[in-house]
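User: Hi! Could you walk me through this structure while I have it open?
Analyst: Happy to, let's have a look together.

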Amino acid sequence: SKPFSIELEYRIRNYMERAGDLLLLRLPEIEDRYRFREVSLKTRKYDIFYGTSAMIEDEYLLKFPERFKLEYVPGDTILKFKGDYFKLSAETKPGEVFYRDVFFRPDARIEVGDYNLYRAFCRGIQKSVKRPLVFREVR
């Protein structure tokens, strides 16, 4: 069977944040998908139980006008924890960025003894998806 998928198209004016002469683009909704509230504690007494295994896959095709020059794209990232993995990649072409992230967690249980490693894995994901794309407006 095919997994559930949805396609959204955004046309957003004035969405980017200004930082001096740079413009920062944070991808819509992605940080919310990788929040991992269950790893907010420094230590745990009990295992983490999820209802099921999980897979998240996001693809963004970003098209930008010629007046914007792409200055920075987050580098490819691969993170692993046991059978879990996270991969982020970006490919660029003139006027476009194709951004993709994949998260896979095959087990529904994280044992308390693995918590610190799992927490570091989740925090690495959170850090990766927060990195913005950086543009400069060319006049």
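Analyst: One term before we start: strands here are DSSP runs of E with at least two residues, numbered from the N terminus. Also keep in mind that this is a predicted model.

User: Thanks! Which strand gives the largest share of the lining of the largest pocket?
Analyst: That is strand 4, which supplies nine residues of the lining.

User: And what is the volume of that largest pocket?
Analyst: The largest pocket comes to about 1,700 Å³. It is lined by 37 residues, and Leu8, Tyr10, Tyr60, Leu61 and Leu62 are the closest to its centre. Besides strand 4, strand 2 (22-25) and strand 10 (133-137) each give two or more residues to the lining.

User: What is the strand order in the open sheet of four strands?
Analyst: The order is 4-8-7-6, with antiparallel pairing. Strand 4 (54-63) and strand 6 (77-81) are the edge strands, each pairing on one side only. From one strand to the next, the twist averages 5°.

User: New topic: aromatics. How many aromatic pairs does the count come to?
Analyst: The count is 13 aromatic pairs. Take Tyr34 and Phe103 as an example: their ring centres are 6.1 Å apart and their planes stand at 80°, so the pair is edge-to-face.

User: Where in the chain do those two sit?
Analyst: Tyr34 is in the loop between helix 1 (30-33) and strand 3 (48-49), while Phe103 is in strand 8 (residues 96-105). They are 69 residues apart, so to speak a link between distant parts of the chain.

User: Are Tyr34 and Phe103 buried or exposed?
Analyst: Tyr34 and Phe103 are both buried.

User: Which residues form the aromatic cluster?
Analyst: Tyr34, Phe36, Tyr50, Phe81, Phe86, Phe103, Tyr118 and Phe121 form one cluster.

User: And what lies over the face of Tyr50?
Analyst: Arg105 does, at 3.5 Å from the ring centre.

Notes
Residues numbered from 1 in each chain as written. Predicted model: local features only at pLDDT ≥ 70, side-chain atom pairs only at ≥ 80, totals over all residues. Heavy atoms only, no water. Phe/Tyr/Trp six-rings, centres within 6.5 Å; stacked < 30°, edge-to-face > 60°. Buried < 20%, exposed > 50% of the residue type's maximum accessible area, 1.4 Å probe, protein only. Lys NZ or Arg CZ within 6 Å of the ring centre and 35° of its normal. Pairing = 2+ DSSP bridges. Axes fitted to C-alpha atoms, helices over the stretch in contact; angles between N-to-C directions. 1 Å grid on protein atoms, 1.4 Å probe; cavity = no way out; pocket = protein on both sides within 12 Å on 5 of 7 lines; lining within 4 Å. Points joined across faces, edges and corners; volume = space filled by probe spheres on them.
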